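Student: Before we discuss any detail, could you show me the model, and then take me through its packing one point at a time?

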Amino acid sequence: MLLRADNIQKQYNDFKLNCSIQVEEGCVTGLIGANGAGKSTLFKAILGLIQTDGGSIELLGKNQKTLTISDKEDIGVVLAENTFSCMLTIKDIIAIMKAMYHRFDKEQFVQKCEKYQLPFDKQLKEFSTGMKAKLKLLTAMSYDAKLLLLDEPTVGLDSVIRSELLDEMREFMNQEGRAILISSHISSDLEGLCDDFYFIQNGSILLHEDTDVLLSDYATLKVSKEQYEKMDKRYILYCKPESFGYQVLTREKQFYLDNYQDIVAEKGSIDDLMLLLTKGEAV
């Protein structure tokens with residue numbers, strides 16, 4: 001287990017985080033939720049950037065508070081905020097990384113920057129949003145970390161750049177003993193990357209499931225008011241009123257297909273599931 005966060009609590013004036021999450025070795029785990037759901041707060045708690053009100057956090061099999069400098073070299077981080085001063089250049093960053101990380105692979109880092117045509121002499125303030133995103137991810141992967149913690153690394157990027165970043169993450173996972181926790185509100189990007197998903201809303205985890213199960217067993221059903229009143233609701237998770245009746249989320253798609261011939265069942269995408277989880281009501 002590379003990450004285990006149990007019953008993490010953090011109270012702000014108008015927001016409360018109270019959730020648990022874990023990331024297994026060899027897995028890419030997605031943390032999905034709308035803006036303001038608590039994703040960044042959870043990341044900051046895991047990294048010790050904020051003081052929590054309760055719970056426990058283990059990273060790399062150790063209590064978060066006992067990690068050594070050497071242990072922290074096994075963790076790569078991408079946060080929404082800029083990591084480096086906007087006045088620095090990539091040449092400056094290479095010098096900083098070489099001094100800070102014993103396993104910094106300068107040759108590979110330079111090759112990756114050249115691959116994505118990142119200028120070595122320009123200051124970061126002259127970089128586009130996409131260039132900054134690529135640089136942050138390449139930096140986090142430049143020193144052979146075991147665990148990547150990526151908070152919204154694709155936000156604000158076009159589909160081409162998002163695809164390139166996802167390819168880099170897949171390449172990172174080609175080596176054994178690694179794992180990634182990645183958060184996003186663009187859940188469709190992550191369907192082909194993540195092994196499992198946590199859905200977070202208002203600081204709480206609403207659902208945790210393997211990706212294969214989400215895409216095969218879950219579905220959204222469109223039913224009239226009369227159909228909804230008569231149907232067996234044992235396997236209904238959430239429902240949302242619509243003009244035609246109700247849209248409902250189930251984890252037992254086949255049960256409803258076998259027993260209700262007139263029900264419209266749509267294979268749920270991750271985005272569809274998130275919509276019902278965030279906008280619907282629990283049954």
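**Packing in a predicted model**

Tutor: Ser142 lies in the loop between H5 and S7, where helices (H or I, at least four residues) and strands (E, at least two) are DSSP runs, numbered from the N terminus. This is a predicted model, in which local features need pLDDT of at least 70 and side-chain atom pairs count only at pLDDT 80 or more, while totals for chains, interfaces and linings use all residues. Residues are numbered from 1 along each chain as its sequence is written, and side-chain values use heavy atoms, with hydrogens and water left out.

Student: Is Ser142 buried or exposed, and what is its relative accessible area?

Tutor: The scale sets buried at under 20% relative accessible area, exposed at over 50%, and partly exposed in between, with a 1.4 Å probe and protein chains only. Ser142 touches Met97, Arg103, Phe104, Asp105 and Phe109, not counting residues up to four places away in sequence, contact meaning heavy atoms within 4.5 Å. Ser142 therefore counts as buried, its relative accessible area being 3%.

Student: Which aromatic pair links the loop between H5 and S7 to a distant part of the chain?

Tutor: Rings of Phe, Tyr and Trp (its six-membered ring) pair if their centres lie within 6.5 Å, with planes under 30 degrees apart counting as stacked, over 60 as edge-to-face and the rest as tilted. A search of the whole structure finds seven such pairs, and in one of them the ring centres of Tyr101 and Tyr143 are 3.9 Å apart with planes at 15°, so this pair is stacked. One partner sits in the loop between helix H3 (90-100) and helix H4 (106-115) and the other in the loop between H5 and strand S7 (147-151), 42 residues apart, and the pair is that of Tyr101 and Tyr143.

Student: How do the axes of H5 and H6 run relative to each other?

Tutor: Two packed helices are described by the angle between their axes and the distance between the axes. Axes here are lines fitted to C-alpha atoms, for helices over the stretch in contact, and angles run from 0 to 180 degrees between N-to-C directions; under 35 degrees counts as roughly parallel, over 145 as roughly antiparallel, 65 to 115 as roughly perpendicular and the rest as oblique. The axes of H5 (residues 129-140) and H6 (residues 159-172) come within 11 Å and cross at roughly 5°. The two helices are therefore roughly parallel.

Student: Which residues of H5 and H6 make the contact?

Tutor: H5 contributes Gly130, Ala133, Lys134, Leu137 and Leu138, and the residues on the side of H6 are Ile161, Glu164, Leu165, Glu168 and Met169.

Student: What is the relative accessible area of Ala133?

Tutor: Ala133 is found in helix H5 and touches Pro153, Leu157 and Leu165, not counting residues up to four places away in sequence. The C-alpha atoms of Ala133 and Pro153 are separated by 6.6 Å, although the two residues are 20 apart along the chain. Ala133 is buried, and its relative accessible area is 9%.

Student: How many of the eight residues of helix H1 are buried?

Tutor: In H1 (residues 39-46), the buried residues are Lys39, Thr41, Leu42, Phe43, Ala45 and Ile46. The helix is largely enclosed by the rest of the structure because the number of its residues that are buried is six.

Student: At what relative accessibility does Gln64 count as buried?

Tutor: Gln64 lies in the loop between strand S5 (62-63) and helix H2 (69-72). With residues up to four places away in sequence left out, Gln64 touches Ala45, Ile46, Leu47, Gly48, Ile57, Glu58 and Leu59. Gln64 counts as buried at a relative accessibility of 18%.

Student: Which class does Asn202 fall into, buried or exposed?

Tutor: Asn202 is found in the loop between strand S9 (196-201) and strand S10 (204-210). Its phi is near 50°, a positive value in a residue other than glycine. At 54% relative accessibility, Asn202 counts as exposed.

Student: What share of the chain is made up of buried residues?

Tutor: The secondary structure of the chain comes to 10 helices and 15 strands, and its C-alpha atoms fill a box of roughly 70 × 40 × 40 Å, taken along the principal axes. Of the 283 residues in the chain, the buried share is 48%.
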